Amino acid sequence: MLAVDLTGDAVKAKNGSMVAYDGQMTFKKMTGGGEGLRGAVTRRLTGEQMAVMEVRGQGVCYFADRASDINLVRLHGDKLHVEASNLLCTDAALRTGTTFTGLRGASQGNGLFTTVVEGTGQAALMSEGPAVVLRVAPQFPLIVDPGAYIAHQGQLNQSFQSGVNFRTFIGEGSGEAFQIRFEGDGLVYVQPSERNTIGGNL
Amino acid sequence: MTHGPVIYDPTTLPVDDNVNAYTFCVDLDGSQWFLQKGKMIAFYGAIEFNGIGHGPLDNLVRSSFHSPLHASDWVVAQGKGKMLLADRAFDVNSFDLDEGNLTIRSGNLLAFQPSLRLKQSIVPGFVTLIGTGKFVAASNGEVVFMEPPIRVDPQALVGWADCPSPCHHYDHGYLRGFLGGVRGLTGLGGTSGEEHQFEFVGAGTVLLQSSEALLDERATGAVPRQDGVPGQAR
């Protein structure tokens, strides 16, 4: 559960994720992720839909969703890439948008696009089990299972690698046929659980 | 929140130990580990995953994998690097066996060192590890260790070590007359849900999970049809 202290300011949160509040709050549905008309159209077109509400007021507001674990990420002008389904709450000052992810998204079954959060402030990510934060540096590339990936931040290049070979088709697959490789400098958040992915059992 | 989350890199990740209650880090240094398919969530370094049928692994499989029915669920990781394992956000724990044996529900076992030998238990749905080495198991909630004699709920049983004798136990009500039988079979007239237990006697340790939610059974297939072999499909 996430507790947010509000003193007249606002946060953007996943629609319907408020479980309790103390004080005066107003909740306003924001169409298309609160990104304006262009954002709304982009989200509609890309399928990376995000139902968001703006919460403004005085007091403490509590957010939770399906007993997921919550991880706070502080951004200092950098970019956080996260799946819309894993994003619970952001400071109103953070900008959100949509970007193309390529094959990684396809392998997760989450579509080809992902959400970008940028600016300065905090964002709350949801994960099944507490996320493990892994640093990627030029000397340490990281390979992640698409089903366990939640988010990444920093200057990272991702590439998709596939280990599908003839063995996969005779029932001798490695179970790790699809992987995302991160290179560069930044942080990757993984959850101790795997979503069901298209390639998950290959 | 003033302090951020712990950030790990290959130098700070633990060696063959838990990162948190739900994630386990294996340090591979040219060595090999068996792991259940799809339980790797991330890794640093160069690690290769190969199915049990991969040719070059023949020798390894010959010496430490004796469960053809589970072969399609297991892979061998080899290479150099650090690998994180997790399973549906269940608790994971590693255990050391020293010239010992341990029988565990097949779905709960995540990974083991090839210095252990994996065999199918006579008890259907369970596998036995024999030898010396480390293995990683998942459980729904923390694992509790108990000494026999003990009766345990079938859903809470994770496994047992050093061979106590497992048997079924039915409460007396099941045996008492026709109505007792009907009640036991149909639940008519009310049952406590605890009429049937597993009973362990003898020396050893029994491992329980602190929940009655079962992990998915891995498909175990059927044991060879042969007289005297328990657990075959009839």
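Between chain B and chain A of this predicted model, 6 residue pairs are in polar contact, with both partners at pLDDT 80 or more. If you go looking for salt bridges between chain B and chain A, the count is 0.

Let's turn to which parts of chain B face its partner. Strands S1 (7-8), S2 (17-20), S4 (40-51) and S6 (74-85) of chain B each supply at least two residues of the side that touches chain A. The biggest contribution comes from S4(B), which gives 9 residues to that side. Sorted by class, the side of chain B that touches chain A holds 20 nonpolar residues, 11 polar ones and 5 charged ones.

Now step back to the interface as a whole. Here 33 residues of chain A are in contact with 36 residues of chain B. Together the two chains bury about 2,700 Å² between them, and carbon and sulfur atoms give 61% of that area.

Strand S9 of chain A, residues 142-144, is joined to S4(B) by 3 bridges, and the two strands run antiparallel. Within this pairing you can find Leu142(A) standing opposite Tyr44(B) of S4(B).

Terms used:
Residues numbered from 1 in each chain as written. Chains lettered and ligands numbered in written order. Predicted model: local features only at pLDDT ≥ 70, side-chain atom pairs only at ≥ 80, totals over all residues. Heavy atoms only, no water. Contact = heavy atoms within 4.5 Å. Buried area = accessible area lost by both parts, 1.4 Å probe. Salt bridge = Lys/Arg side-chain N within 4 Å of Asp/Glu carboxyl O. Polar contact = N/O pair within 3.5 Å; in protein donor to acceptor, adjacent residues only side chain to side chain. Helix = DSSP H or I, 4+ residues; strand = E, 2+ residues; numbered from the N terminus. Nonpolar A, V, L, I, M, F, W, Y, C, P; charged D, E, K, R; others polar. Pairing = 2+ DSSP bridges.
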